[in-house]
Amino acid sequence: MLLVCASGCPAAEPPDGEPATGTTHATTAELSSSEGLDSSSAAAETSAPEPWFELGWGLSDFNAFDGTLPVVVGPQGLSMFSLPLRGNGFYNPSSPGFDNPEVPMLQAWVDVDGHHESPGGHLSEVVDYPALFYPTLDDPEVLQGVAVWLVIPDGVDPNTLVGLRAHLHAELLDFEGLRLTDDHDLVIGEVPPEPEGP
């Protein structure tokens, strides 16, 4: 399915690159440990990659944000924010699956002024969602996560959201207690038209 956003489709961003213009991007790592180790010292002691985690947009491919949070139409015809994940340096089981208790857990939400439709008081949210990550073929240092869908609630016309400011927040908690966060200040983009032709 071809996706079109208001300002064109952004190009993918390298994991250690600067955030795109118009995006406030902050990733933090905390270790839940009685010794009080920070993420950098833990990574150095284990020779593991520095922990990182980020959200993008797209139904199948990871696209970095360019200041816009596009509304996409999913396979079932639902309007939503489709957020693929990527990262590394956190605990990820060798056999990820929704029934595996060792997969990282994701909390994510979109806040828009005047919208509190979700149970947590956000426009849309996912809570305690098993985040499935797999190695990528083109870069073994990057784990790619299955896209998480934040469905726009019934009763909210997606077209009325276009142009509004939104704050996207996500937290990833791995099985060993490492918590990573990712935040973006964005503007909601247009609902893309259905592609023409075959």
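**Figure 1. Strands E2 and E5 pair in the antiparallel sense over four bridges.** Two strands are said to pair if DSSP finds at least two bridges between them. Strands (E, at least two residues) and helices (H or I, at least four residues) are DSSP runs, numbered from the N terminus. The model shown is predicted, and local features need pLDDT of at least 70, side-chain atom pairs count only at pLDDT 80 or more, and totals for chains, interfaces and linings use all residues. Residues are numbered from 1 along each chain as its sequence is written, and side-chain values use heavy atoms, with hydrogens and water left out. Across the two strands, Leu 55 stands opposite Leu 85 in E5. From E2, Trp 52 and Glu 54 point one way, whereas Phe 53 and Leu 55 point the other way. All four of these E2 residues are buried, that is, under 20% relative accessible area, where over 50% is exposed and the range in between is partly exposed (1.4 Å probe, protein chains only).

**Figure 2. A salt bridge joins the side chains of Arg 86 and Glu 54.** The distance from N to O is 2.7 Å; a salt bridge requires a side-chain nitrogen of Lys or Arg within 4 Å of a carboxyl oxygen of Asp or Glu. Arg 86 belongs to strand E5 and Glu 54 to strand E2, so the pair links distant parts of the chain, 32 residues apart. Both Arg 86 and Glu 54 are buried. By this rule the protein has two salt bridges. In the bridge between Arg 179 and Glu 171, the closest N and O atoms are 3.2 Å apart. Arg 179 is partly exposed, with a relative accessible area of 32%.

**Figure 3. The largest nonpolar core of the protein has 34 residues.** Such a core is a set of buried Ala, Val, Leu, Ile, Met, Phe, Trp, Tyr and Cys residues joined through side-chain atoms within 4.5 Å. The residues with the most contacts inside this core are Phe 53, Phe 81, Leu 106 and Val 110. Among the elements that give two or more residues to the core are strand E2 (52-55), strand E5 (79-88) and strand E6 (105-111). Contact means heavy atoms within 4.5 Å. Leaving aside neighbours within four places in sequence, Leu 106 is in contact with residues including Phe 53, Leu 85, Val 148 and Leu 172.

**Figure 4. Strand E10 pairs with E6 and with E11.** The pairing of E6 and E10 is antiparallel over seven bridges, and that of E10 and E11 is antiparallel over nine bridges. His 169 in E10 is the bridge partner of Trp 109, and His 169 also stands opposite Asp 183 in E11. The hairpin of E10 and E11 has four residues between the strands, and Gly 177 there takes a positive phi near 95°.

**Figure 5. The rings of Tyr 91 and Phe 175 form a tilted aromatic pair.** Rings of Phe, Tyr and Trp (its six-membered ring) pair if their centres lie within 6.5 Å; planes under 30 degrees apart count as stacked, over 60 as edge-to-face and the rest as tilted. By this rule the protein has three aromatic pairs. For Tyr 91 and Phe 175, the centres are 6.2 Å apart and the planes are at 40°, so the pair is tilted. Tyr 91 lies in the loop between E5 and E6 and Phe 175 in the loop between E10 and E11, so the pair ties together parts that are 84 residues apart in sequence. Tyr 91 is partly exposed, with a relative accessible area of 26%, and Phe 175 is partly exposed at 48%.
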